[in-house]
Amino acid sequence: MPLTPEQIAEIEAQRANPRQTLRAVSEGMEAHLYKAHEVLDHGFIRVIDYMGDDAAICQAARVSYGKGTKSVQNDAGLIRYLMRHWHSTPFEMCEIKLHVKLPVFVARQWIRHRTANVNEYSARYSILDREFYIPAPDQLAAQSVVNNQGRGVALEGEEAARVLEILKSDSNRAYDNYEAMISDDGQQGLARELARMNLPMNIYTQWYWKVDLHNLFHFLRLRADSHAQYEIRVYADAICKVVADWVPAAYGAFEDYRMGGANLSGKAMDCIRRMLKGEEVTQENSGMSAGEWREFQGEIKRGLTQIT
């Protein structure tokens with residue numbers, strides 16, 4: 001259960017006490033405030049606070065560019081212009097603060113995005129709950145044979161059952177020992193800051209994560225991508241749904257130019273020109289490495305799939 005009864009009661013109390021404000025309000029985001037969106041087996045994301053909306057992006061851009069934006073007829077057009085030309089500063093005028101509950105190994109990936117403010121639940125002061133991420137059977141997969149940092153085909157039958165049992169038993173045994181080490185039943189017990197080192201990477205932690213929209217888009221471009229690890233991708237997907245309601249024009253431009261578009265190198269563009277002329281282009285005469293060529297072919301295939 002991702003939320004405890006106490007947390008649910010706290011959320012209901014917060015949502016039952018609306019307040020008037022003079023600041024810009026996004027109606028789409030107001031519907032998400034405090035609500036928990038469940039992710040994985042025990043995780044969630046929920047919006048604690050936000051600042052700005054689509055209009056705030058345009059306001060900042062027009063202050064910066066002055067008469068240079070007079071030809072833009074509407075806010076959506078301006079936002080698309082900003083996204084298309086990589087003008088990032090106006091998007092930094094919007095911020096979001098999320099409360100996230102996630103497995104520790106996902107948090108270690110997430111924290112690599114160093115452009116946010118983070119305050120994490122401290123296992124030095126508090127005792128972690130007995131909650132572990134146990135993958136669904138369809139997410140148990142073997143090592144990929146083509147990607148050193150990815151997974152391949154799903155495990156099946158007895159092998160899948162064996163792995164699941166190991167994950168569950170090891171997690172619970174580690175937590176049993178964690179409790180025993182910090183126990184006060186007639187013994188001094190080990191300090192919490194030391195006892196936590198015995199816990200597995202799939203235990204859940206929580207944090208508050210505050211980030212501006214520009215850097216959030218960078219996070220989502222990488223983590224909501226199909227190549228991202230499943231466990232962090234589902235968090236990014238949940239955030240995408242919130243952002244789409246918060247700043248619909250900005251998210252639409254992001255989805256179009258960043259998620260749906262492609263960045264091609266000079267060599268890739270040269271290959272496309274040669275292909276359009278009817279020339280046979282191969283990896284050997286493309287000037288690309290094998291890895292570059294494979295990625296280029298993937299982009300071409302994705303583009304053709306979208307066309308058809």
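A salt bridge here is a side-chain nitrogen of Lys or Arg within 4 Å of a carboxyl oxygen of Asp or Glu. By that count, the structure, a predicted model, holds 14 salt bridges. Several of them turn up in the views below.

**View 1. The whole chain, for orientation.** The chain has 13 helices and seven strands. Its C-alpha atoms fill a box of roughly 80 × 60 × 30 Å along the principal axes. Of the 308 residues, 35% are buried. Take the contacts between residues at least 6 apart in sequence: 69% of these join residues at least 24 apart.

**View 2. Helix H10 and its buried side.** Zoom in on H10, which runs over residues 248–259. Its buried residues are Ala-250, Tyr-251, Ala-253, Phe-254 and Arg-258. They sit on the same side of H10 because they cover an arc of only 160 degrees around the axis. For background, an α-helix has 3.6 residues a turn, so residues three or four places apart point the same way.

**View 3. Helix H4 crossing helix H10.** Here the two helix axes come within 9 Å and cross at roughly 40 degrees. The crossing of H4 past H10 is right-handed. On the H4 side, the residues in contact are Ala-76, Ile-79, Arg-80, Met-83 and Arg-84. They meet Ala-249, Ala-250, Gly-252, Ala-253, Phe-254, Asp-256, Tyr-257 and Arg-258 from H10. Sort the residues of this contact by class and you get eight nonpolar, one polar and four charged.

**View 4. The Asp-256 to Arg-80 salt bridge.** Asp-256 makes a salt bridge with Arg-80, with 2.7 Å between the closest N and O atoms. Asp-256 belongs to H10 and Arg-80 to H4 (residues 75–84), so the pair ties together parts of the chain that are 176 residues apart in sequence. How exposed is Asp-256? It counts as partly exposed, at 36% relative accessibility. Arg-80 is also partly exposed, with a value of 30%.

View 5. The side chains of Lys-101 and Glu-131 meet in a salt bridge, 2.5 Å from N to O. This pair links distant parts of the chain, 30 residues apart. Lys-101 is in strand E3 (residues 95–103), while Glu-131 is in the loop between strand E4 (117–120) and strand E5 (141–143). Are the two partners buried or exposed? Both Lys-101 and Glu-131 are buried.

View 6. Arg-162 pairs with Glu-159 in a salt bridge whose closest N and O atoms are 2.9 Å apart. Both residues lie in H6 (residues 157–181), three places apart, or about one turn of the helix. Arg-162 is partly exposed at 46% relative accessibility, and Glu-159 is partly exposed at 35%. There is a network to find as well: salt bridges that share partners join Arg-130, Asp-176 and Glu-179.

**View 7. Leu-128 and what surrounds it.** Leu-128 sits in the loop between E4 and E5. This leucine is buried, with a relative accessible area of 10%. Which residues does Leu-128 touch, leaving aside neighbours within four places in sequence? Its contacts are Tyr-121, Ala-123, Tyr-175, Tyr-178, Leu-199, Ile-203 and Tyr-204. Pick out Ile-203 from that set: Leu-128 and Ile-203 are 75 residues apart in sequence, with their C-alpha atoms 8.3 Å apart in space.

**View 8. Two loop residues with positive phi.** Tyr-34 is not a glycine, yet its phi is positive, at about 75 degrees. You'll find Tyr-34 in the loop between helix H2 (27–30) and strand E1 (36–39). Its relative accessible area of 22% makes Tyr-34 partly exposed. Trp-86 isn't a glycine either, and has a positive phi of about 60 degrees. Look for Trp-86 in the loop between H4 and E3. With a relative accessible area of 53%, Trp-86 is exposed.

Key
Residues numbered from 1 in each chain as written. Predicted model: local features only at pLDDT ≥ 70, side-chain atom pairs only at ≥ 80, totals over all residues. Heavy atoms only, no water. Buried < 20%, exposed > 50% of the residue type's maximum accessible area, 1.4 Å probe, protein only. Helix = DSSP H or I, 4+ residues; strand = E, 2+ residues; numbered from the N terminus. Arc of directions from axis to C-beta. Axes fitted to C-alpha atoms, helices over the stretch in contact; angles between N-to-C directions. Left-handed = near helix turned anticlockwise from the far one by under 90°. Contact = heavy atoms within 4.5 Å. Nonpolar A, V, L, I, M, F, W, Y, C, P; charged D, E, K, R; others polar.
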